[in-house]
Amino acid sequence: MTMSRQGVQPTEVIDRAAKLRFRWNGKRFSGFEGDTIASALAAAGEHIFSRSMKYHRPRGILTADYWDPNLMVQVGDDPNVRAGHRLLESGMDVRSQNAWPSLNRDIKAANSLLGRFLTAGFYYKTFMRPQWLWPTYERVLATFAPGGKIDLDTPHAYHDKRYTHPDVVVAGAGPAGISAALAASSAGASVLLVSHEHAVGGHLRYSSDAADQAALTELRAALDASDVEVLTDSTVTGRYEDNWLGIVQRNHPIAVERLIKARAKTLVAAPGLIERPYVFEGNDRPGVITPGAARRLINLWGVKPGERAVVFSANADGDAAVADLERVGTEIAAVIDGRTGGSVSSTAGSSRAVEAVMVNGTNGAERIDADLLVVAAGWTAPTSLLNMAGDRPIYDPTAARFFPSDPPSNVLATGGLAGDADLDGLRQHGAATGRLAAARAAAVRHRLQSRTARALPVDGDEPAWAPDERAPLGRDPHPELYRADTHGMVDMSEDISSKDLVAAAHEGYDSVELAKRYTTATMGPSQGKLETVNTVAAIAEARGETISEVGTTVWRPPYAPLTLGALAGRMFEPVRVSSIQPWHEANNVSVIQAGQWLRPDHYGDPAAEVRNVRDNVGLIDVTPLGKLDLRGPDVPKLLSLLYVNKWMKLGVGRVRYGMMCAEDGVVLDDGVTGRLGEDHYMMSTTSSGAGGVWEWVENWLQTERPDWQVHVTPVTTAYASINVAGPKSRELMSRVCEDADLDAEAFPYMTVRQATVAGVEDCFMWRIGFTGELSFELHVPAGHGLHVWEALMDAGSDLGVGPFGLEGQRIMRLEKGHFIVGQDTDGLTLGPSTGLWSLIKLDKDDFAGKPELAWAADRSLPMVVAIQPDDPDVVPEEAAQIVRGNTNEILGRITSSRYSPTLNRSICLGQVEPDLAAGGTKLTVLLESGERIGATVIDHHAHFDPAGERLRG
Amino acid sequence: MLLVPCPNCGPRNSTDLRYGGESHARPDPNTASPAEWRAYLYLRDNPAGWLRENWYCASGCRRWFSVERNTATNEFRDPPLPGDKRGGAA
Amino acid sequence: MADTASPLRSTSMGPAFESPVVRNYPTSEGGNLTLTDASATAKWLVRADADGPTADRLGARFGSSQMAPGGALVLGSRPGEWIIVGTPGEVSAAVADLDGLEAQEFMTVLDWTHSRAMFRATGVSATRMLEKVCGIDWSDHMTPDGAVLSASVALTTCDLARNDVDGTPSYLIFCDRSVGQYLFDALIDAGNEFGLTVTASSAS
Amino acid sequence: MRGNGRLGRKRPPKYSAAALAWKGLRGQSWPRVWRDCDLKRSYDAVVIGGGVHGLATAYYLARNHGMTDVAVLDKAYLGSGGSGRNTAIVRSNYLTPEGVAFYDRSVHLYEQMAVELNINVMFSQRGHLTLAHSDASLRTMHWRAEVNKLGGVNSSVIGPDEIKKECPSLDTSDHPRYPIQGALYHPPGGVVRHDAVVWGYARAADHMGVEMHQKTEVTDILCEGGDGPDGKGAGGRVTGVRTNRGDISTPIVINCTAGWASLISTMAGVRLPITTHPLQAAVTEPVKMFLPTVVVSGSLHVYVSQTDRGELVFGASVDPYANYSVRGSLEFTEGLAGHVLELMPGVSRMRILRQWSGLCDMTPDYSPVMGHTPVEGFLVDVGWGTYGFKAAPVSGEQIAEAAATGTTPKLIEAFALSRFDDGELVGEKGAASVGH
């Protein structure tokens, strides 16, 4: 096979004035602007592009387009690039894949000799013994993994996505697709036309026929003059529910690949047809190509595919290839006509090139010397988009391909997928399809507009669903050419021959799916585009059935592969911060991630922060604390329904702690709720529970108690929340608070007041304390949060005021024995396990989880208890298990643990079996190191100040 | 991407909503037997066909609504009915 | 709404409003897309029956917006929920206009200024920018001038309103204040390919 | 080879390298891997579902209990459901002592499988990393590690440096939005060639006389004496099944139908705590090996491994809404890609080749429902959610024992259907997250 660049072709797409230099396996090459990588290499006389997966056979051009299984190369850090499609760029570093040490000399080609042993599925039948050797075998097998190399330093570059909502999307820009787009657009539809190729025109692009070229010029001019949005080098990769389409755009000016998500009102599938290889001995030898490959090479890139050709033709494409070959001076050694019974039985030559073709033609069996064999054996209908829409295409033996059966009525097929016609016939069918698509899209649009509150009102009734009155395309007879009288490769990517498939069927893997899985046929990078029908045919042959009886396999998305980068797009990861964040960042904060929030964990020394709070006064930014504003006369009823305790008699200005349980009695959330006014309450939730509790509240109000008058508004981020804690907190607050009496009697523990703080009106102050200290929880309108924080810092400098973070707060809450929902409780912890039995008021008429909580009294439930290790210097890990003595029987676990700087000892909370929950019980704790230590359950949850004198102060 | 017919916002992408599961009535908490209550919590019809279920229009109107969907085909029975019983709360 | 960018002070004596957008942005010229931080704009939330006297008084139904007589913009953000935006004076006037309705139906009013960040994107490319971060159909027939909706923008739940300026597409975008800086940056990234002018925090 | 050749059946040829060579040299072909039998009118037991659970159950019924008059019925082909659609991960680092003991047994059976079934299932114990990106999730990893160790399972928490050593392609820096803080490392975890497990159980069960019937759909379960219509429901007993190929009488029916479990159980009048959700997966084009371990991130809802063919295989959490459709979604691959790139930014140029989905039978406590039901003779092996494949051998072994002996083996006591009547759920719910 000797390929070479020819003189200027009238249809060529290369710019011979623009020379591009690149490297191929380290050697310098050049091509022209408009070349694909493969055409440039072919023009330079290269004819081996890759090695096959299993036998490492040399492989050359087969189809010279995106689907060519033999043209996968590495370009820089980009593996598995389709050299038949990717346009050449200056400076490209192109390398062959799957060959070692080089493309020309590949050691693993020795596998070819073992072919008879390496039948499909051979690995299932060996390497079982000795078992200990399997990991070694596995490592060796893994070296056969095909494909390119990834570079772990490849950055995730710019890949932003786009949404669009066109009336009509046309997938495929051949004459039928373009005609559909133009007709739909003329009918008033917004249209997106998606061309898989670099330019619209489909097969007209590489036709040397004058009428085809005239039509192409006309269609392109009409598109330019229309409102149709055209995407080239783009593919509709998937059709999902309700015509949600994935489209990958490979030539966006600034994105590496852009994923476009389109909600099409109607989809026109016009992908054309894919050339199907013919199965015979030696059909994968370099020099065996499809007529499309020959015509693309000649007409698009001016490359002569060979010097002396045999053409096997069963259709007009094969005939056209003969004419094109003759025009560039390829000697036609023979034309074997598949329509009249001619066939090819094998090729002969070295593994590297075709030297002769064994044919059965009109002269009987003969050997014809040739360096090129062009095989026009028929087509595969790429019905992927129809399959994804739920259609089960039907096989027509007289036309030797599948046709749509009953796709949903918002998916319309045209072009070769729908049938055969001359160019005018294809254009007419395309245009009729476009008009139908536009009419149906108008009905969808009417419905969407009439159902969507914000949309423009629509006049009149919804248009009727337009009937399909298109004159159907014909079906040209075509011989069924799946396998010649010899066996050959069915799947070039996977090195699966028809022999392998027949053997698999005989072993019992005789449904298509089983055979596919057993042999891996169609599982490779060309996704069955070339292989599926031949695979089905081989199975059918082995079973003695027809293709229709065997059926087809399901084409799964995507239609064409797309990069993880395009799918990921820009990674949206919302970050939440409080208005005080700039201060934290300026003050050496160590940040902790808490869901979307960034929160201060500490400012260098959490133990010192704790001591400062216990001795002086500290500030913590607790803005992420969930806050719901509740208004209306029925709020007390709502609170009673959602919390386990009672709420009907909470006075104005009072605050109460509440625990929420789900309907299965499991602890859901907890927090305090205060009554700010007659019909006005503020509920606080855990930070992580804020969103969930809001939905929970809305769910009850909207579905179970829609008659209640309550308005719920999340106000978590409306306020900057600052807890001022420590014995000197009252003194500090009195310096910044202008209009409230902070005296212990006027503003006692568990009350709430409205105040002006540091000049900011409408702040709320709560006398509550998670830390166990006298504390004031301030909720400041968020637009003044930083101001108030800084004012507190300034005002308290002589009091020793300092910030503290979550870690300090965690230590202090543990000293006080406050449990954290989700840490000290888990997904099965029922309300009573927290030890708050008295909180649960079973005499209320109804509340969430009531029955389970009532029955819980009779159950043996694990209990949350406070635990102190006997050795005060040992801090068991959070997760350390509580076990029975020296056994491995699990009796509980440590859920929280810290070293207490206040008590100078380790302290814990844990869950234990109920019979171990009494104060004074001795426990054995198994540390992660394996050491077992003694620990004791203490009487109260609080390790520190159990009477709560400090926080009431 | 499924289009879910929110009765307020119109058809919206399913990722804009939260699924609330099968619709079923909450038993009277004061009279329900353990079997009835736990059937409410845990047991589901889970049909392969028409199912009345709840959705929450989380990114849109923030309203819960109930609608019939065919779980085999993901087709919605239109138009949806607003307001119904809550899904399992466990 | 005369000027969404005027600073808001909670009291005549009080401290200045701090925007959630705290980063500084290089000011660029040209381009056909402007993104403005208007978080300081006064925003109030009104809740009442979707079809009651309050709804009648406010005029805007769910999905649409309307200018109040005093100049505030009333957005029908959800069934039975309205956001009123404008200068403090404009918003106060609009809220005052609701006086007495609480006697007729269950109705509540809440100052939401500090709860929500607010941005405005204006320009012929504003729609293209939104199409990169939001799955809503922004075509003229589905989202005409005056349309109001809620949707996820860059994975953040937002209230959105189309509020054209002199015939040029313009969108108001509201999100939780705490996520405001993130969303502002996400919009800038999305808009850069169209040539974006950023108007930094109006309160600074 | 038609007919019920249970008696006097010739033992088929063993698989081995020598046999491969011999047959290769002589150009001989291999016999059918399982027989094609006529459907009889009666069996000692009928297993519904020809996936890896049903086939394992049939295999152990025959091997451990001598019950060979068993039919496995599948409405499509063997392994057509979740068995061939999962991501083939095997591990035993569960959270509860019950879960650990159960899955540890399963790993043990997988380790023996290639020899026992005489087929290479390619169990690759390459190690399994469950990444933690937050304090809370790291705490759960520690919890699991401690429970695992007490159950004798090799499992420990390792830090970013060790993670980098085990798996260099992971980004262990503090640059990601949610940096990797640690991982639960489980060296015995790995991947298996899922189809080989299906075929191995089918072939071995067939050798002992069990019949596999494909394209045989159960349309009803025949009962008598129950409290519901047609004698179905609590208090009754099973008498047979109705299929598209006729009725079969049998005293024992075992429901191994995963995503379709509710539909089959309803035929016996048994309501289940199950909803059916699709679980999607995807595979990339192959590249040379670079990912040595199985990587899971619960917080990012993704798990990934590289096959011996060089492809990356991914999975995530189940689809958010219940349905029986196995069509893939674009948002799944988008989310997946985003999360994978957060873990391994370097794979941004790899291309997704194919996506698919299978149906999962989700339970409220992320644990299966196994054993006897209120209908005598009707057993369930369902509720497998997203972790059915890794449990297949032990489930088959245990459910076979339950069916053959009429008892409930200790290893599956915690998974009884009756736990939902008693409100005694299994504690795997305690650490609900993606856990493949």
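Chain B contains one helix and six strands; helices (DSSP runs of H or I with at least four residues) and strands (runs of E with at least two) are numbered from the N terminus. Along its sequence, chain B shows the pattern β-β-β-α-β-β-β. The model is predicted: local features need pLDDT of at least 70 and side-chain atom pairs count only at pLDDT 80 or more, while totals for chains, interfaces and linings use all residues. Residues are numbered from 1 along each chain as its sequence is written, and chains are lettered from A and ligands numbered from 1 in the order in which they are written.

Of the 90 residues in chain B, 51% are buried. A residue is called buried if 20 or more other C-beta atoms lie within 10 Å of its own, exposed if 12 or fewer do, and partly exposed in between, with C-beta atoms placed from the backbone. Two residues are in contact if their C-beta atoms, placed from the backbone, lie within 7 Å. Among contacts in chain B between residues at least 6 apart in sequence, 57% join residues at least 24 apart.

**Contacts between chains**

Chain B brings 24 residues into contact with 23 residues of chain A. On the side of chain B that touches chain A, strand E2 (10–13) and helix H1 (34–42) of chain B are the elements that give two or more residues. H1(B) gives the most, with three residues. This side of chain B comprises 14 nonpolar, four polar and six charged residues. Here Ala, Val, Leu, Ile, Met, Phe, Trp, Tyr, Cys and Pro count as nonpolar, Asp, Glu, Lys and Arg as charged, and the others, Gly among them, as polar.

Five pairs of chains are in contact, and chains A and D share the most contacts. Chain C and chain D, in contrast, do not touch, and their nearest C-alpha atoms are 12 Å apart.

**Strands of chain D**

In chain D, six strands form an open sheet with mixed pairing, in the order E8-E2-E1-E12-E19-E18. Two strands pair if DSSP finds at least two bridges between them. Strand E8 (211–213) and strand E18 (369–372) of chain D stand at the edges with a single partner strand each, so one side of each has no neighbour in the sheet. Neighbouring strands of this sheet are turned by 20° against each other on average, direction ignored.

| Strands of chain D | Sense | Bridges | Residues opposite each other |
|---|---|---|---|
| E12 (253–255) and E19 (378–382) | parallel | three | D:Ile254 and D:Leu379 |

E10(D) and E11(D) form a hairpin with two residues between them. Helix H2 (residues 52–65) of chain D lies across strand E1 (45–48), strand E2 (70–73), E12 and E19 of chain D, and runs at about 175° to E2(D). Axes are lines fitted to C-alpha atoms, for helices over the stretch in contact, and angles run from 0 to 180 degrees between N-to-C directions.

**A helix pair in chain A**

Helix H15 (residues 606–615) and helix H20 (residues 806–816) of chain A pack at an angle of about 60°, with their axes 8 Å apart. This angle makes H15(A) oblique to H20(A); angles under 35 degrees count as roughly parallel, over 145 as roughly antiparallel, 65 to 115 as roughly perpendicular and the rest as oblique. A:Pro606, A:Glu609, A:Val610 and A:Val613 in H15(A) meet A:Glu807, A:Gly808, A:Ile811 and A:Met812 in H20(A). By class, this contact has five nonpolar, one polar and two charged residues.
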